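User: I want to go through the labels on this model and see what each one rests on. Take me through them one at a time.

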Amino acid sequence: MNLNQIQNVYFIGIGGIGMSALARYFKFIGKQVSGYDKTPSMLTNELIESGIDIHFEDNINLIPSDYYVENTLVIYTPAVPKTHSEWNYFIERNYEVKKRAEVLGIITKDTFCFAVAGTHGKTTTSSILGHILFQSGADVTAFIGGIVENYNSNLIGSGKTVTVVEADEFDRSFLHLHPNIACVTSMDADHLDIYGTSDAIQASFREFASKVEDKNNLFITKELPLDGVQCAINEDAVYKAYNVRIEDGAYVFDVQTPSEIMKDLRFGLPGKHNLMNGLMAIAMAKTFGTPTDSIAKAIASFNGIRRRFSYQIKSENLVYIDDYAHHPTEINAVHQAVRELYPGRKVLAIFQPHLFSRTRDFVDGFAESLSRFDEVFLMDIYPARELPMEGVTSEWLLGKMTNSNKKIVAKEDLLGEIKASDAPIIVTIGAGDLGEMVPSIKKILNENI
């Protein structure tokens, strides 16, 4: 497929975080862009404000009349059901219809491609890497699965020769990519509704890793069963972060590389998991040839990603943090960071489970990770693309938690319950529509300060 011959790009599921980055990209390079999504959101509002036409009704009459088969590319998300009338309209008329990952593969094939894989840490690592490369003057475009605070966008740069992409394991999408330099941050079991077993997930990651022919260009953590360049914190590795300390709320650390020691790097994202994400980005940028001083300046100026340990309120008496965590490992990382920053203070965690299948597959892990907080408000499961499963409920998860200071809170009651809490540290956690409530939560908490 020749993208130069395409005049129009139509998105089915345009409001997804990865889809919206592609929408921004195609609009930027001069294509006519429009699309459908199920519900309005902050992301769709931002796209509409940028001049992209979006509707929220599955109705073929709302497809622009000048989107002809010979000049239109249709991009869809795997979450779209096969009964979707617009999807069927394009299929029946032989339009060029592709998944987001396939299109990313086409865009990046003729570029120098950095691919960031892993069940956790993809968005943060790719954002840091994109920021480093852009700030150093590289001709880069980075497609990010989150809104990067420095740019208020999920697209960094407008380069044509270098790309940074998240290599998404969902639906084996990352196998469409052609990476020159890559990393794998983690290979935990996830998406078992797609893969079935953790062995199948690991096999898929090994297949992705095999796409990087020169293993000096594949970066991994020490525990992963892959052949690549090892990165570690306070352990022997080819790239090692050490002498780690906290100064004025930020990490300061040194990095041993194969050729030098990078001294006193400053990095503002909390949590050891984020420090590892930063180290991975440093290793990839260094391998690409980015100067040390450019890396140091970029790392210090990186402000984080919306909904990734994102401070909403940060005062002496009240802290409110919002995070996208939707897997037990990610919740543990949030807990570690909060305890490191605010030792001895009461922490209220508000969690919205994401997907019935994920809740079923990791219920014991969720119960264990959530029980570590001082108080827990548990919301109903956000279904996303799924139908309810018998017996898989938030009440079931609540019953497995060992923390007695816990309760189910309905969405309509959440603001009142938060307002009544005496916890000085509050975290909202989850990948569902809880994120849409963040402005309202912030507003009522500010009234209490």
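User: What makes R24 part of a helix, and which one?

Analyst: R24 is found in helix α1, residues 17-28. Helices here are DSSP runs of H or I with at least four residues, strands are runs of E with at least two, and both are numbered from the N terminus. This is a predicted model: local features need pLDDT of at least 70, side-chain atom pairs count only at pLDDT 80 or more, and totals for chains, interfaces and linings use all residues. Residues are numbered from 1 along each chain as its sequence is written, and side-chain values use heavy atoms, with hydrogens and water left out.

User: Why is R24 called buried?

Analyst: Buried means under 20% relative accessible area, exposed means over 50%, and partly exposed is in between (1.4 Å probe, protein chains only). R24 has 17%, so R24 is buried.

User: Which residues are in contact with R24, leaving aside its neighbours within four places in sequence?

Analyst: They are L43, E46, L47, I147, S153, N154 and L155. Contact means heavy atoms within 4.5 Å.

User: Why is the pair of Y25 and F26 called edge-to-face?

Analyst: Rings of Phe, Tyr and Trp (its six-membered ring) pair if their centres lie within 6.5 Å; planes under 30 degrees apart count as stacked, over 60 as edge-to-face, and the rest as tilted. The structure holds 17 aromatic pairs. For Y25 and F26 the centres are 5.3 Å apart and the planes stand at 70°, so the pair is edge-to-face. Y25, at 15% relative accessibility, counts as buried. F26, at 1%, counts as buried too.

User: What makes the pair of F351 and F366 tilted?

Analyst: The angle between their planes is 35°, with 5.4 Å centre to centre. F351 lies in strand β18 and F366 in helix α12, so the pair ties together parts that are 15 residues apart in sequence. Both F351 and F366 are buried.

User: Which residues do ring pairs link into a cluster?

Analyst: Y10, Y67, Y89, F90 and Y95.

User: How do you know that the charged end of K82 sits over the ring of W87?

Analyst: The test is NZ of Lys or CZ of Arg within 6 Å of the ring centre and within 35 degrees of the ring normal. The charged end of K82 is 5.0 Å from the centre of the W87 ring. K240 sits over the ring of Y242 in this way, 4.9 Å from its centre.

User: What makes β16 and β20 edge strands?

Analyst: The open sheet has six strands in the order β16-β17-β21-β18-β19-β20, with mixed pairing. β16 (310-314) and β20 (406-408) each pair on one side only. Two strands pair if DSSP finds at least two bridges between them.

User: How do you know that β18 and β19 pair?

Analyst: Four bridges join β18 (residues 347-351) to β19 (residues 375-378), and the two run parallel. L348 stands opposite E375 in β19. β16 and β17 are also joined by four bridges, but run antiparallel. They form a hairpin with four residues between them.

User: How do you know that α10 spans about what is expected?

Analyst: The expected span is 1.5 Å times one less than the number of residues. α10 has 14 residues and reaches 20 Å from its first C-alpha to its last, close to the 20 Å expected.

User: Which residues of α10 are buried, and what covers them?

Analyst: P328, E330, I331, A333, V334, H335, A337 and V338 are buried. The cover includes α8 (272-288), β17, β18, α12 (363-370) and β21.
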